[in-house]
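Good morning, colleagues. Please turn to the sequence and the structure on the screen, and I shall then go through a few selected sites and helix contacts.

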Amino acid sequence: MLDNKVVMVTGASSGIGRTAALRFADCGAKVAVVARRQSEGEAVANQINQLGGTGVFIKADVAKEVEVKSAVECIVEKFGRLDLAFNNAGVSEPIGSLTELTEANWNRVMDINLKGIWLSMKYQIPAMLSSTGGGIVNMSSIYGQVATGMGVSAYVSSNHGVIGLTKAAALEYADKNIRVNAVCPAWIPTPGNEEALSNPDVMEYAKSLHPMRRLGTQNEVAETVCWLLSESASYISGQAISVDGAYTAQ
Ligand SMILES: NC(=O)c1ccc[n+]([C@@H]2O[C@H](COP(=O)([O-])OP(=O)(O)OC[C@H]3O[C@@H](n4cnc5c(N)ncnc54)[C@H](O)[C@@H]3O)[C@@H](O)[C@H]2O)c1
């Protein structure tokens, strides 16, 4: 499905990013595993290589322009081009009222979740334009579409912003053979929420929020992103695709 495509995945050292990186490799792509954590990122790239694919680890913080620029340059130097990207890196803030949120909390969430995606596209798009075009999927969330996640106002704001930015980018590059979409998962068990979901009461409550009465899986998100990046989705751009067990249909 992604044969010989060169794909950049941010936040690929764990969770959904890691699962997606492995899935892309399984679909034939050469994968740039971009992450801040060296040993975890290298482990993902090594796993891809051991499975017969091509993976390379590149250390970068998506909130830092100089590091994002250098990551994209490094991919082009290594593989000769960049075709696809999954801009997945993200964080949330401590749960609490927006009146208790600190400026540092707000800035961190916005810097990584929203500015990080803009910076990533700022350097990915010229690289894609210099070959034959490309495809991008940006990580948003159900909280990019609704604000039912009480006590995470910065996260909700950043994820709504990602959908706006995705639409703007899709329109700007629609006639230049670059498709840009967002993916909006509901609650997915990952290392990022492992601690909270290890409490059986929280897990039962989380399931009860979803009409399918279960949480989604990292594979279900990775599969959707893989399809969106593939030629099978060649006429889809500027969309926010929910992977949420009907959560936002409520
Ligand atoms: N798990 C869920 O329920 C869920 C639902 C919707 C959206 N999301 C989003 O999916 C993405 C992946 O989350 P996850 O649940 O797999 O969590 P995770 O914590 O396992 O993964 C997040 C990844 O992003 C990386 N990262 C964080 N800040 C970074 C930075 N500045 N530069 C580079 N990498 C950075 C982390 O190191 C980690 O590898 C996040 O953007 C998250 O907001 C998660």
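**Selected sites and helix contacts**

The side chains of S13 and R37 are joined by a polar contact of 3.3 Å. By polar contact I mean a pair of N or O atoms within 3.5 Å, where, within protein, one must be able to donate a hydrogen and the other to accept it, and residues adjacent in sequence count only if both atoms are side-chain atoms.

Before I continue, a word on the basis of these values. The model is predicted: local features need pLDDT of at least 70 and side-chain atom pairs count only at pLDDT 80 or more, while totals for chains, interfaces and linings use all residues. Residues are numbered from 1 along each chain as its sequence is written, and side-chain values use heavy atoms, with hydrogens and water left out.

To return to S13, this residue lies in the loop between strand 1 (6-10) and helix 1 (15-26). Helices (H or I, at least four residues) and strands (E, at least two) are DSSP runs, numbered from the N terminus. S13 is buried, with a relative accessible area of 10%. Buried means under 20% relative accessible area, exposed over 50%, and partly exposed in between, with a 1.4 Å probe and protein chains only. Leaving aside residues up to four places away in sequence, S13 touches R18, A35, R37, E40, G41 and V44; contact here means heavy atoms within 4.5 Å.

Let us move on to helix 1 itself. How do helix 1 and helix 8 lie to each other? Their axes come within 9 Å and cross at roughly 55°, and the two helices are therefore oblique to each other. Axes are lines fitted to C-alpha atoms, for helices over the stretch in contact, and angles run from 0 to 180 degrees between N-to-C directions. Angles under 35 degrees count as roughly parallel, over 145 as roughly antiparallel, 65 to 115 as roughly perpendicular, and the rest as oblique. Ala, Val, Leu, Ile, Met, Phe, Trp, Tyr, Cys and Pro count as nonpolar, Asp, Glu, Lys and Arg as charged, and the others, Gly among them, as polar.

The contact of helix 4 with helix 5 has 12 nonpolar, five polar and no charged residues.

Is N113 buried or exposed? N113 is buried, with a relative accessible area of 4%. A polar atom of its side chain lies 2.8 Å from the backbone oxygen of V91. N113 also touches Y155, S158 and V162, among others.

R213, in the loop between helix 7 (200-209) and helix 8 (218-229), has a positive phi of about 55° although it is not a glycine. R213 is exposed, with a relative accessible area of 51%. A246, in the segment after strand 7 (240-243), likewise is not a glycine and has a positive phi of about 75°. A246 is partly exposed, at 33% relative accessible area.
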